[in-house]
Amino acid sequence: MNPMALLKIKEMLGDFNSRHPKLGMFVRDAGQRVDTGSVLELSVTSPDGEKIRTNFRVLPEDKELLDALGSLSWR
């Protein structure tokens, strides 16, 4: 990976977290509760009210990825 791209992404994540601090807190708290067999659900509501939603059950391989992502700093 390009180190400059990683630095840019880090900066963008910092700015994002400044705008949406509750999300980082939620991710940290939820990350401690997610285990193999947990169900994660994601939804998006567009400005016109249309909503899409999906979910999945966490597999052992998913847990490994989620733990690795969780080890990254949200600050």
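pLDDT is the predictor's confidence in each residue, on a scale from 0 to 100. The structure described here is a predicted model, and the protein averages a pLDDT of 89. A score of at least 70 is reached by 95% of the residues. Across the protein, confidence is lowest in helix 2, residues 21-31, where the mean is 86. Confidence is highest in strand 2, which spans residues 51-57 and has a mean of 98.

The secondary structure consists of three helices and two strands. Read from the N terminus, these elements follow the order α-α-β-β-α.

Overall dimensions were computed for the chain of 75 residues. The radius of gyration of the protein is 15 Å, whereas a compact globule of 75 residues would have a value near 11 Å. Along the principal axes, the C-alpha atoms fill a box of roughly 35 × 35 × 25 Å.

Of the 75 residues, 7% are buried, where buried means under 20% relative accessible area. Among contacts between residues at least 6 apart in sequence, 28% join residues at least 24 apart.

With regard to charge, the protein carries 11 positive and 11 negative charges. The mean position of the positive charges lies 7 Å from that of the negative charges.

Methods: Residues numbered from 1 in each chain as written. Predicted model: local features only at pLDDT ≥ 70, side-chain atom pairs only at ≥ 80, totals over all residues. Heavy atoms only, no water. Helix = DSSP H or I, 4+ residues; strand = E, 2+ residues; numbered from the N terminus. Rg over C-alpha atoms; globule rule 2.2 N^0.38 Å. Buried < 20%, exposed > 50% of the residue type's maximum accessible area, 1.4 Å probe, protein only. Contact = heavy atoms within 4.5 Å. Lys, Arg positive; Asp, Glu negative; His and termini not counted. Charge placed at Lys NZ, Arg CZ, Asp CG, Glu CD.
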